[in-house]
Amino acid sequence: MSNPAQRANKLFVQTFGTLADTLYFAPGRVNLIGEHTDYNDGFVLPAAINFHTIIAIKRREDSQFRAVSDAFPGEMKEWTFGEEGNRPESPEWADYLKGFSSAMAISGLATKGMDLAIVSNVPLGAGLSSSAALEIAFGTAINDANQIQLSPLAIAQLAQRGENHYVGCACGIMDQMISALGQQDHALLIDCLDLDSEAVSIPENLSLIIINSNVKRGLVESEYNLRREQCEQVAAHFQLDSLRHLELADLEAAKDQLSDANYRRAKHVITENRRTQNAAWALESGNISQLSTLMAESHISMRDDFEITVPEIDFLVEIVSSVIGEKGGVRMTGGGFGGCVVALVDHELTDAVVEIVEQQYLDKTGIEATIYLCSASDGAKRLDN
Ligand code: GLA
């Protein structure tokens, strides 16, 4: 059918009986390395991807929002700015929008309402940040349509606040920041302590492949918040604000004073921060064999120390690495407990990766994987209507 922008316009007209003023776009993301480090004030290296959410909007003169989404046909959600109500018991799609508007209201910002029609091709529940794409497309729309003049970083911070306080997920800032600030053909090395970021170009000879294990996951229900608490407990043990400034030697020296799980959680975070900075340098300088080693070590650390992988994901990593060797890197990406694997591989190996997954994954697991051949894309923006 027609492209997503046309679909968003069409949904808008069908729903509200008039043309939309403008369209806004925000991408999903894949994290190349640096997992569960963002909320520990550490380093992450995500890229925005060419899967995105588009919102067609029309400004209103009152404070009402009315929203529809093509993923949830027939559901019209309505709310008033600043009156989003309490945290929902089981969050649904519109709660990511309400989270954003309530974070604005709590921050003392004002806005008029809007009518919205949402269309997205970011796979839901796959760990590719469909929720951040939704929040950031919405935040960018409110900001631009009302000339509020928030920076992309400020939009990302409001989106995170909404998700933390309204939706109830203790996520870090990575997904929102990369959706707001992504750059075509680049990953972004983000220092989550001061929110400084640096674009790192992805060498032209590499393909960005995402493999969805199709093992269903849910961040809020999963052990995500527990992992965060465990990290905070270790930081508190050392009287630190976060794990960012904890040295591995100090962690090792205190091993006996910590539970085994908490020790391994902190070990993952400390070593992952190092790997992430090194991976940015390896990528920038085209040192693919070093990138390969770092991504492999990251996966092992997530599997054994942070304990967020599942057997289907470990199997995908194992078969992909068997065909790419040192000519690329592969690891689980995202919050964990299912979701996707990311591989950065020499173009000439793309077919071999697709083949081995098609030949072996279904047989071994009984689940069909979905493969996305991606490219690193720009962050959120207004589209010409
Ligand atoms: C989810 C969260 C992010 C980050 C990752 C794990 O995507 O939303 O903030 O913590 O998990 O790296």
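The sulfur of Cys231 lies 13 Å from the closest cysteine sulfur, that of Cys192, which is too far for a bond; a disulfide is defined as a pair of cysteine sulfur atoms within 2.5 Å. For Cys340 the closest cysteine sulfur belongs to Cys374, at 8.9 Å, again too far for a bond. By this rule the count of disulfides is zero. Cys231 is buried, at 0% relative accessibility, and Cys340 is also buried, with a relative accessible area of 0%; buried means under 20% relative accessible area, with a 1.4 Å probe and protein chains only.

This is a predicted model, in which local features need pLDDT of at least 70 and side-chain atom pairs count only at pLDDT 80 or more, while totals for chains, interfaces and linings use all residues. Residues are numbered from 1 along each chain as its sequence is written, and side-chain values use heavy atoms, without hydrogens and water.

The ligand is surrounded by 12 residues, each having a heavy atom within 4 Å of it. The closest are Glu35, His36, Asp38, Asp175 and Tyr224. The shell divides into five nonpolar, three polar and four charged residues; here Ala, Val, Leu, Ile, Met, Phe, Trp, Tyr, Cys and Pro count as nonpolar, Asp, Glu, Lys and Arg as charged, and the others, Gly among them, as polar. Polar contacts (pairs of N or O atoms within 3.5 Å) are tabulated below.

| Residue | Protein atom | Distance to a ligand oxygen atom |
|---|---|---|
| His36 | polar backbone atom | 2.7 Å |
| Asp38 | side-chain N or O atom | 2.5 Å |
| Tyr224 | polar side-chain atom | 2.5 Å |

Taken alone, the ligand exposes 310 Å², of which the protein buries 98%; accessible areas come from the Shrake-Rupley method with a 1.4 Å probe.

How values were computed: A polar contact is a pair of N or O atoms within 3.5 Å; within protein, one must be able to donate a hydrogen and the other to accept it, and residues adjacent in sequence count only if both atoms are side-chain atoms. Buried means under 20% relative accessible area, exposed over 50%, partly exposed in between (1.4 Å probe, protein chains only).
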